[in-house]
Amino acid sequence: MCNDRSAELDRLLRAVRRSPETVLIEGEAGSGKSRLVQELLRHPSMDDQPVLEGVCPPMRVPLPYGPVIEAVRRGAGRLDTRGFSPLVGSLRELLPELAGLPVSTCSVTEESVRRSRIFRAFRELLVQLGPAVVVIEDVHRSDRETWDLLQYLCSEPPPGVVLVLTCRRPSGSLPGNYSALKVGTRIRLEPMDAAQVGRLAAHVLGTPGVPEDFAAELHARSAGNPLWVQEVARGVRALRPTALTPSLLDDIETPSLLLDAVQDLLTASGRAATAVIRAAAVLGEPATEQDLGHVAGLPVRRVPSAVVRAIGTGGLYERTPGHYGPRHHLAAQAVRTTIPGPLRTRLHARAAELLAQCSDCRPARLAHHYRQSGDAAAWVRHTLTAVDQEMGAGDATVAVALLERALTETALPAHARDLFAVRLSRAVLDGITSAGTIDHLRSILRQDCLSSVARGEVRLNLGRWLINQAGELEAGRTEIEAAVTDLRERPELAARGMAALALPSFGTGPVETHMHWLHRAECALSDSADAETIAAVHTNRLSARMLMGDPRVWSDIAELERTLPSTTQRTRAYFNLADSATWNGHYDRAHAFLVEGRKLSGGKETFLSMLGDGTSLRLSAATGRWADLPHAADRVIALAGEREFLAADAWLATGWLSLWQGARAAAVHHFDAALRTAPHNVPVVASARAGRASALLTQGRTAAACWEADQALSRLREKGNWIWGAELVPIAVRAFVRGNRTDDATELLDEFGSGLTGKEAPLATAAAHAGHGALAQASGAVSAAAAHYVRAARHYEKLPHPAAAAAAYEAAAHCFTDADDRMAAAAQLSAALALYTALGTTHDIARCQRHLRQHEGSRRGRKGYGQELSPREKEVATLAGQGMTNPQIAELLVLSCRTVEQHVARALRKLNLGSRVAFADHPLTPTGDPEENPLLTDALLSASQEHDA
């Protein structure tokens, strides 16, 4: 059953197998009583069971015995009138269509005797119709005669007959002796819980499921009533929504079936009870007798009886002790729909008058009643108070909803429309805003109903949202540039727009263009005393300088508490600095910035906190804190929802995590998602394409890897900030040298090095060494390559970036192996193995252990060189002959000074030389045989010359 009444159906099936038996199914209107009966009748076990059905119709003057007569008529074809006693003749007038009924021989005038004969006659008819299931629905509508007959039949059920009754509870028309009804099985249909509501809604909508928040809101509005859940779900289905959000339910009209039921209820309640039911519906929240009476306008003496009557008919429920209201939101909505307009206005006016006297009344509630009462000035005033209250409490979502509702009202005065539109545009910057709200702002701008200054500020804030939260760079820039023009008379606001265009990580223009906008913003504020705007521009300058690796930014950050007195701007500054510091490799500082930002934000879910969560994911991925990363990333992606741009960092972090853990297919999928969600964010694009290129290289797809690198490099060259190439450059160099593009690799490293001049970017510094290592290794200069890799590893390890450090140590080990320095190779492999073990990357661990075992075996069986110099001794002797000291040689070749001393001593002894100066005149490398000493390459000599310089 789609409304989850399987347990009740099982009870009903067990009951009908017992004969005779009586069953009473109770529940409120729409709880599924009739549906349960139909499920019973459709059950396979009922295929051979005769069923006789009757229903008590909603008539002003019910027909005596009507539903029982209807049920008997359905079985008329099975009756054998020859076997009836004369008693059945009492029914000839009630059932004239049943030919052959005996003629009654007794004339009875006393009513009680006549009723007794009719009851016994009906029983005799039902006995002959048995075995059968007799269903009488809606007995709460039954007249007195029918009710008494049903009580009689229930007290002594006819043999072979199962009597099934359905009754609405509560109902104002129940007979006084209802509770004395004798039944064998009583089934009470309880409201559904939120999970059941969700399953039923999904069934109606034809979807696998619905979001939890949607199901919870639908449950709250319907109180779990299956019929109203279905009706509302059908209304939602008619809207063809792209996403199921709780706010969709605001657009659903009151179901017509519910309106009919409410109209019946009000008719049965009487005037006084209807007045308090309407008052409760207008108030919208449970209220006391006294408050209901005040809003209803009833004399005090009539209120208690009116409330009691309303409870009896089901129009009111005691929601909390002493406080009464409709059963659920939909019921209140239906009641309000039935109230004539002038009366509804008066009810809202009395509600506003009542609530204005309460010190704890929410401003939003007061604003609603003033609007419905026609008091526009009070409505605007209390709406603004409510917005301020919600924003002060950090709940921008509620503030946005209040403003959106107000802006849809045609009665809103022009000055208030300016004010509300501007406040809405400000609120979207502080919350996690839906696409519907943004569409609303765009619609307001298209209507051209705002003043120039208001339009400018709305455009400014909309543009900032489009850039920061939606990743729609070009659309955002267009709005902000138009806003700057509109805000000529408001230089402080125009400066905010210019500062928003100064963030260098977005778009295709060079960083100089962004700095130009920042300079314009500062010039616009030269004579300003607007501390908040000055702070906002200062925050953007700090962020931009950090993104570009300005080493002088740290002194300004130290003064941040003084220069940014605004909590909002300090929060934004810390989250922005955390993001920038993570890209640069200042991981410890980034973590400290995140801690400060979260402390200031108070743990609230805002746009800034979501940016902080994304930064934290990238930071955790880089620093090896992987335990909770996938779960945290899933949470950020789910929370971002349709604002996919906010999930870009999460996709990026999980991409690198998957790549380092060996799950290449998953990594590529995650990198693709990052590119899709943030195509204009240059550092994200560079990182994601670097990850894709790395995955392609491991598959041997060099050309494809080169294409990925070229795409990312073109964006970096356009932007001109090479710090963001820290993840890309080493991978691009590897791809280029494999693709026989050594010149491109060399040119790239030169560009990268020039771009880092004067910058403080630890991650990029490590990457430069890794890139030079890859280039030197490809050219055969394995000693120089090893030196660069070890330097890269030590830089990575210091950040810390354990995955990159381990890979660099392992690359160094391979170079040392090629140089025949097995001890150094083993040392680097051991360093890599320790890091891989800490990370738990089993495939890396197994590979390092295998290589270590090979080195251990080769050391045990290693051949000696006798009186000939080993490759390492030749290398050390050559460098010593060039005038390098032992410490310089040790640093260049990544050896200890003691090891270098030993190599020098052995070389002097084997060559029978008196001093190291003589190495310069001694031919150490045979001519014409480059393979004899491949370590002495141009790259190595160049490296030694750089070291001397």
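Student: Which residues line the second largest cavity?
Tutor: Its lining consists of Leu218, Arg221, Val232, Leu249, Ile252, Leu330 and Gln333. A cavity here is a set of points, on a 1 Å grid over the protein atoms alone, where a 1.4 Å probe fits but cannot get out, and lining residues have an atom within 4 Å of a point.

Student: Which elements give two or more residues to that lining?
Tutor: Helix H7 (212-222) and helix H13 (329-338). Helices are DSSP runs (H or I, at least four residues), numbered from the N terminus.

Student: What about the volume of the second largest cavity?
Tutor: About 50 Å³, where a volume is the space filled by probe spheres set on the points, joined across faces, edges and corners.

Student: What kind of model is this?
Tutor: It is predicted: local features need pLDDT of at least 70, side-chain atom pairs count only at pLDDT 80 or more, and totals for chains, interfaces and linings use all residues. Residues are numbered from 1 along each chain as its sequence is written, and side-chain values use heavy atoms, with hydrogens and water left out.

Student: Which residues lie nearest the centre of the largest cavity?
Tutor: Trp583, Arg618, Ala622, Trp656 and Glu727, out of 14 lining residues. Helices H27 (567-584), H29 (607-623) and H31 (648-660) each give two or more residues to the lining. H31 has the largest share, with four.

Note on methods. On a 1 Å grid over the protein atoms alone, a cavity is a set of points where a 1.4 Å probe fits but cannot get out, and a pocket is an open set with protein on both sides within 12 Å along at least five of seven lines; lining residues have an atom within 4 Å of a point.
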